[in-house]
Amino acid sequence: MEKFLAIIVAVMVERWTRYIPGGQIIARVRSSNWLGLYLAKMGELIGKLGVKQSYMVFFLLLLPLVLLVFIAKIVFCHLLGKIIGSLLVATLLLLYFIGNKEVEANSSDFVTAHETNFGILFWFAILGPVGGLFYWFIVAVKQLKSLSEDSTISLIHALAAWVPARITGFVYALVGNFTLGFNQWLTCIRATSMPSSEFLEICGRAALDSSSADEQTNLIDRAFIAWVVISILIVIV
């Protein structure tokens, strides 16, 4: 129930921030400008500890943020009660993660929508706030020049993106030109080693009825609604 309500409320508020002038205040609060400084300081500390393995470095970079999530949950549950506290923490975190354009990939809107929304919804539905944090963090870290070429970071991202990206490709077909989109999805799904970004781009383009910017935006908006439904179904099941 916690994840179900958090998804509903966070999505409604996130949509509101786009169309209501006062919503820009919330958008500014979601700034991730702190992330670069955090990674730099943590990198220095990890270096002093002598940790060299890339996967361990990533784990140590993520660990303090995971602990903060649990600490926030403990504090809010103590102050507001277990049900309301857990719901508030989950909602606020999901609201922060989804649609955070400051961490979007330098790529097409089809890929960006997945990286900043759909992938986060998938992992939030699976693992709750920690899942949402994990996918947001790996996407954010991958955008930093100092870590963008790290093979371990790229591998973790590829593994985390594989399943939700294939679902997103099907969703694009489902809410767009289904015949062309689904046929292209069937072709791409057989290429298991195809990068998720390429998969999303090909399937998204195939599902368009026209090449206009409005059609692309509308397709992504419909896919967003479909993903909200999918994430809720994952939670319920």
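**Charged pairs and aromatic rings**

A search of the whole structure finds two salt bridges, a salt bridge being a side-chain nitrogen of Lys or Arg within 4 Å of a carboxyl oxygen of Asp or Glu. Side chains of opposite charge can pair when their charged atoms come close. The structure is a predicted model, in which local features need pLDDT of at least 70 and side-chain atom pairs count only at pLDDT 80 or more, while totals for chains, interfaces and linings use all residues. Residues are numbered from 1 along each chain as its sequence is written, and side-chain values use heavy atoms, with hydrogens and water left out.

One of the salt bridges joins Arg205 to Glu201, and the closest N and O atoms of this pair are 2.9 Å apart. Both residues belong to helix α10 (residues 196–206), where, because they are four residues apart, about one helical turn separates them; helices (H or I, at least four residues) are DSSP runs, numbered from the N terminus. Arg205 is partly exposed, with a relative accessible area of 41%, and Glu201 also counts as partly exposed, at 24%. Here buried means under 20% relative accessible area, exposed means over 50%, and partly exposed lies in between (1.4 Å probe, protein chains only).

In the other salt bridge, Glu215 is paired with Arg222, and the closest N and O atoms are 3.7 Å apart. Glu215 counts as buried, at 13% relative accessibility, whereas Arg222, at 31%, counts as partly exposed.

We can now turn to the rings. The structure holds 19 aromatic pairs, where rings of Phe, Tyr and Trp (its six-membered ring) pair if their centres lie within 6.5 Å, and planes under 30 degrees apart count as stacked, over 60 as edge-to-face and the rest as tilted. The rings of Phe58 and Phe134 have centres 6.4 Å apart and planes at 80°, so this pair is edge-to-face. It links distant parts of the chain, since Phe58 lies in helix α4 (residues 54–80) and Phe134 in helix α7 (residues 129–143), 76 residues apart. With 6% relative accessibility, Phe58 counts as buried.

Phe134 also pairs with Trp123, and because their ring centres are 6.0 Å apart and their planes at 80°, this pair too is edge-to-face. Trp123 belongs to helix α6 (residues 109–127), eleven residues away from Phe134 in helix α7, and at 18% relative accessibility Trp123 counts as buried. Phe58, Trp123 and Phe134 are among the members of one aromatic cluster, which also includes Tyr172 and Trp227.

Technical notes:
Helices (H or I, at least four residues) and strands (E, at least two) are DSSP runs, numbered from the N terminus.
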